[in-house]
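My entries follow in the order of looking.

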Amino acid sequence: MTEESPSSAERMPTIRDIAEIAGVATSTVSRALSNPQRVNARTREKIERIASELHYVPSSTARGLSSGRTGVIAVLVPDITNPFFFDIIRGTQHQLKASGYTQLLVDTEEATDVELDTLRKLRRSTDGAILAASRLTDQQLADTALRQPLVTINRATADAPTVLIDTPSAVVQALEHLASFGHKSVVYAAGPTSSWSNHRRWKAIEEAAAKRGMTATRIGPYAPTAFSGAAAADAALSTGATAMIAFNDLLAIGMLQRFHERGVRVPDDVSIVGCDDMFGSDFCNPPLTTIASPVEQAGRVAVSMLMAQLDPIRGGTPRKLAVMPTHLKIRASTGPARA
């Protein structure tokens, strides 16, 4: 008894089967299913109906090979242990999943060479990249944008779409808040020199302090971690300033811990403001006044801007810039200046 060949009902349908029934070329079926805008409406509807009746399921592998797409987007962050990036990663993950893409997460370790080398290696295995707080130079970003679709978050460049979290506006709010408490001097505990956001924040502090007759001093740079807080706190106290603004919440929390060790009361002796409103900033002692922003939404918007590059017809008109609003969240770490 010979083995019977599988029936057509048991065999997975192909585009050739659809083409035979529809009376069109297989290339027309392929276009109708992958690029429907390139096929007239009547033919497209006929092909889609037949495909549905046959329960046709396209091969993702074949689709990737024919389109040159991998279905993978790289998301690069400078420090995966920094809670600020948690919400960005969550936002990109959710939006990419909704768009049918897989997220490839990379920690670049605050290193420019690691970031650049990673982008180079992933160029052929990903469809694009989202760079959060990129440490690349303008020229490096320009060169990278010529070779692969990308969107930056908190790193403006003329050569790639950018999502900006408008921290400088909230920094001005912080200066106004401190001035209302009678503070005349403020210290900025700076972050990494390679951080574009770091320079924006200091510039905003300088300008806002000058307009309000306040003295502004910059110390650092410091790594954006709690471990760097002790050195930043000691340096800040040596200036005699009554108010401090830290590059991020992690650094501010480390400073709070050092102040406690030295018997410096917050906010009775000094006031301190953080940045990012990361998870845990309200659990500090005292709870940290900080700059809050829609971080997860920034990740979602970055994905939408990248999708517009990859598929302008479905993704809409590509945007070059999206600005996310911020605000000062006042807690107990700020108060009246000491007499």
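Entry 1. I began with strand 6 (residues 185-189) and strand 8 (residues 243-246), which pair in the parallel sense over four bridges. Strands pair here if DSSP finds at least two bridges between them; helices (H or I, at least four residues) and strands (E, at least two) are DSSP runs, numbered from the N terminus. I noted Met244 in strand 8 as the bridge partner of Val187.

Entry 2. I checked the basis. This is a predicted model, in which local features need pLDDT of at least 70 and side-chain atom pairs count only at pLDDT 80 or more, while totals for chains, interfaces and linings use all residues. Residues are numbered from 1 along each chain as its sequence is written, and side-chain values use heavy atoms, with hydrogens and water left out.

Entry 3. Axes are lines fitted to C-alpha atoms, for helices over the stretch in contact, and angles run from 0 to 180 degrees between N-to-C directions.

Entry 4. Strand 6 and strand 7 pair in the parallel sense over five bridges. The chain goes from strand 6 through helix 9 (residues 196-211) to strand 7 in a right-handed β-α-β crossover (with the strands pointing away from the viewer, the path from the first strand over the helix to the second runs clockwise).

Entry 5. I found an open sheet of six strands, with the order 2-1-3-4-5-11 and parallel pairing. Strand 2 (102-107) and strand 11 (321-324) are its edge strands, each pairing on one side only. Its twist averages 15 degrees from one strand to the next. Within it, four bridges join strand 1 (residues 72-77) to strand 3 (residues 128-132), and Ile73 has Gly128 as its bridge partner in strand 3.

Entry 6. Last, I looked up helix 5 (residues 84-98) and helix 12 (residues 295-310), which pack at an angle of about 40 degrees with axes 7 Å apart.
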